[in-house]
Every structure is written in structure tokens, then in C-alpha cells.
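Have the sequence and the 3D view open as you read.

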Amino acid sequence: MPDVVLPVLNEIGAIPIVLGAMPEGYRPIVVDNGSTDGSGDVARDLGALVVHEPIPGFGSACWAGLQAATDDVVCFMDCDASFDPRDLPLVANPVLDGTADLVMGTRVAARGTWPPHARMANRYLARRVTRSTGVPLTDIGPMRAVGRRPLLDLGMQDRRFGWPLEMVIRAARAGWRIDEVPVPYLQREGRSKVTGTVRGTARAVQDMGR
């Protein structure tokens with residue numbers, strides 16, 4: 001069953017929720033990207049494989065988790081309880097059965113969970129990707145499933161917030177079969193480092209634009 005890469009930066013309140021809902025057979029790999037609240041220790045005590053990545057950046061954490069993964073299929077998901085891990089099979093099954101190469105979880109947001117500035121930025125990026133690649137996308141979301149070896153071979157370079165977008169663009173240019181499935185998007189635990197502020201969202205958009 002798939003490995004699940006969970007980038008973490010001070011998510012001590014969400015980790016028990018996320019790990020407690022992990023589907024049977026899905027192995028959580030928590031990548032501690034410089035937490036100061038003991039997130040890594042809590043994750044380890046709850047049975048997760050914990051990888052420490054000292055270089056800051058969402059892409060750095062995802063890359064470190066990918067390096068630690070061993071299953072043929074790898075999932076990526078935020079570890080802030082904004083996604084329910086029990087929805088992971090919806091995203092992973094098309095990759096597991098060979099009908100897709102990359103599957104994205106399209107966020108169906110509960111009221112008040114997705115700030116308007118973040119929603120607008122995401123919609124703008126999705127439209128640009130659709131225009132430039134011809135792949136119809138509605139979301140550049142962080143919950144996704146992909147083959148481990150193909151992703152390692154894809155030539156990913158970004159180690160910041162551009163990682164999710166770079167993956168989609170490179171996969172599209174490589175002729176991958178890319179699909180979307182709707183997944184609920186919930187109220188996260190704590191405040192987002194990215195979408196919680198206009199400045200954080202602008203920084204992510206800048207990284208993705210680059």
C-alpha cells in the first residue's frame with residue numbers, strides 16, 4: 001500500500017488527528033521541517049516514520065519524504081487536519097490500478113475553510129496550467145498520489161512552494177495521465193503558514209510563477 005508523505009512545521013495539535021485516521025496499510029512518513037513544538041517526537045510516538053529535513057521549504061520536505069519512501073505509489077498530503085486521510089484511497093486507487101499516473105485531490109471546501117485570497121490565487125494558477133498544458137485542472141491542491149519511481153525521474157527542482165505546480169507542469173509535458181477527484185477540505189488545526197495570510201499566499205504564488 002502507498003507511503004504518505006506529510007510535511008510538518010509545528011503541527012503538534014493536528015498530528016494525532018491525521019495519524020489516527022490513516023487508512024490501514026498506508027504508511028505515514030512525517031517530514032519534520034524545523035518544528036520547535038515537538039511535532040516530530042509526537043509523530044514518532046504514534047508510530048510514524050519521522051524524517052528530519054533541516055533545509056526549510058515545502059518542496060524540501062516533500063523531496064525528503066519522497067527519498068524515504070519505498071512503496072511504488074506515494075501520496076502527499078498536508079498534515080494540518082485540513083484533509084481526512086480516510087479519503088486517500090479515492091486519490092490513490094487510480095494510480096494503484098494503473099488508470100492514471102498522477103491524481104490530484106480537488107478541494108471541496110467547507111464554509112470558512114479557504115480564504116478568498118487563497119481561493120482566487122489557486123483558481124488563477126489552475127487556469128494558467130490548463131492554458132499552457134492543455135490538461136483541464138480546477139485545483140493545484142496538496143493532496144495527490146503518484147508513482148514513486150516516475151516522480152524521482154521527473155527532474156523536480158523547486159524546493160519551496162512551487163513544488164506542487166512544478167510537478168503538474170512537468171508531468172503534463174511528459175505526457176502523463178493526470179486526473180482529479182473531489183475530496184472534502186476541512187477547517188485546519190492552527191493557522192496556515194501560507195494561505196492564512198495574504199503575504200503567505202503571495203509568496204507561494206511568486207514561487208509557483210517562477
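**Two helices side by side**

Helices H5 and H7 are roughly parallel to each other, because their angle is under 35 degrees, the cut-off for that term. H5 covers residues 116–133 and H7 covers residues 163–173; they pack at about 15°, with axes 10 Å apart. The model is predicted, so local features need pLDDT of at least 70 and side-chain atom pairs pLDDT 80 or more, while totals for chains, interfaces and linings use all residues. Residues are numbered from 1 along each chain as its sequence is written, and side-chain values use heavy atoms, with hydrogens and water left out.

So who touches whom? On the H5 side, look for Leu 125, Val 129 and Thr 133; on the H7 side, Leu 165, Val 168, Ile 169 and Ala 172. Contact here means heavy atoms within 4.5 Å. Six of these residues are nonpolar, one is polar and none is charged.

Now stay with H7. Eight of its eleven residues are buried, so H7 is largely enclosed by the rest of the structure; buried means under 20% relative accessible area, exposed over 50%, and partly exposed in between (1.4 Å probe, protein chains only). Among the buried ones are Trp 163, Pro 164 and Leu 165. After H7 comes Gly 175, with a positive phi near 80°.

Trp 63 sits in helix H3 (residues 58–68) and Trp 163 in H7, so the pair ties together parts 100 residues apart in sequence.

Conventions: Axes are lines fitted to C-alpha atoms, for helices over the stretch in contact, and angles run from 0 to 180 degrees between N-to-C directions. Helices (H or I, at least four residues) and strands (E, at least two) are DSSP runs, numbered from the N terminus. Angles under 35 degrees count as roughly parallel, over 145 as roughly antiparallel, 65 to 115 as roughly perpendicular and the rest as oblique. Ala, Val, Leu, Ile, Met, Phe, Trp, Tyr, Cys and Pro count as nonpolar, Asp, Glu, Lys and Arg as charged, and the others, Gly among them, as polar.
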